[in-house]
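Here are my notes on the model, point by point.

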Amino acid sequence: MNIWLNSGIVENYERAISIADRGFTLGDGLFETMLARDGAPLRLDAHLRRLRNGAEILNLPIPYDDTGLAHALAETLHANGLEAGVLRLTLSRGPAERGLIPPKGTEPTLLITASAVPPPPPPAGAVICTVTNRNETSPLSRCKSLCYLDNILARQEAETRGANEALLLNSRGKLADATIANIFLVIENRILTPPVSDGALPGTLREAIIDEFDGIESTLDPNEIGRATEGFLTNSLGIRPLLSVDGSPVGNGETGATTARLMEVLP
């Protein structure tokens, strides 16, 4: 595998990221995962907008403008002989001395990797997470930060309960997100998803469904899952039917017509 590290393509074992890098020591950074087709990432503008919004929240410098980042992403695909694939862009604050306050003049670390597109996951049978929740009052709920421990805890709980996904509630007990995806429910023929103010990550495919398919942001109680005729989860790699929650079927427990239609035309 060839990777982009800071200023160009290198073999992935040719250089190492510093052990003092704040992304490693403190989770001080952001990432974006993108699906690429025909040699270019899909919905790149939305991904870079979210990256820059997150960097503004963290006061994190980005070493390239959008044109430079697009070039680096395309070069990483090309260096790995891929026209279609999954790109991950990781941006950390870079190496620094110990301490929480970022020192002035740190050089950010930019890492981009590319891999083949994985097979689609099976439909989701989820549980409502009980071991942690989404803090919708934190600005980090709107960022793809390098700290994913709440999501890991939720996914571990799902595994121990015989499920393959977990749905996280916010501090007020409202639906927020799945561990690696946004939640959508179809209720009375309306496509509903929790708003960002309830802790939903501003996902790029989520944005496309809201903009292009009349998706509606709406605060959702967990008991409204029982009213849904179908449900699905979205992230940058695609759409996944949500067939059950806590052992009870969503709708008739099968992939619904709206979900199927969206899977045909997106991403």
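1. In which hand, left or right, does H2 pass H3? The crossing is right-handed. Bear in mind throughout that this is a predicted model.

2. The axes of H2 and H3 (residues 66–79) come within 11 Å of each other and cross at roughly 120 degrees. Angles of 65 to 115 degrees count as roughly perpendicular and those over 145 as roughly antiparallel; H2 and H3 are therefore oblique to each other.

3. On the H2 side, the contact is made by Leu44, Leu48, Leu51 and Arg52. H3 contributes Asp66, Leu69, Ala70 and Leu73. By class, the contact of H2 with H3 has six nonpolar residues, two charged and no polar ones.

4. The largest pocket holds about 810 Å³ of space. Its lining consists of 40 residues, and those nearest the centre are Cys143, Lys144, Ser145, Tyr148 and Asn151. The lining has 17 polar, 14 nonpolar and nine charged residues.

5. Several elements each give at least two residues to the lining of the largest pocket. The helices are H2 (44–58), H4 (149–160) and H5 (204–212). The strands are S3 (29–37), S5 (85–92), S9 (175–178) and S13 (230–235).

6. The second largest pocket has a volume of about 490 Å³. It is lined by 21 residues, with Pro120, Pro121, Leu237, Gly238 and Ile239 nearest its centre. Two or more lining residues come from each of S3, S13 and S14 (238–245), and S14 gives the largest share, four residues. The lining of this second pocket divides into 15 nonpolar, three polar and three charged residues.

Note on methods:
Residues are numbered from 1 along each chain as its sequence is written. This is a predicted model: local features need pLDDT of at least 70, side-chain atom pairs count only at pLDDT 80 or more; totals for chains, interfaces and linings use all residues. Side-chain values use heavy atoms; hydrogens and water are left out. On a 1 Å grid over the protein atoms alone, a cavity is a set of points where a 1.4 Å probe fits but cannot get out, and a pocket is an open set with protein on both sides within 12 Å along at least five of seven lines; lining residues have an atom within 4 Å of a point. Grid points are joined across faces, edges and corners, and a volume is the space filled by probe spheres set on the points. Ala, Val, Leu, Ile, Met, Phe, Trp, Tyr, Cys and Pro count as nonpolar, Asp, Glu, Lys and Arg as charged, and the others, Gly among them, as polar. Axes are lines fitted to C-alpha atoms, for helices over the stretch in contact, and angles run from 0 to 180 degrees between N-to-C directions. Angles under 35 degrees count as roughly parallel, over 145 as roughly antiparallel, 65 to 115 as roughly perpendicular and the rest as oblique. A crossing is left-handed if the near helix is turned anticlockwise from the far one by less than a right angle, and right-handed if clockwise. Contact means heavy atoms within 4.5 Å.
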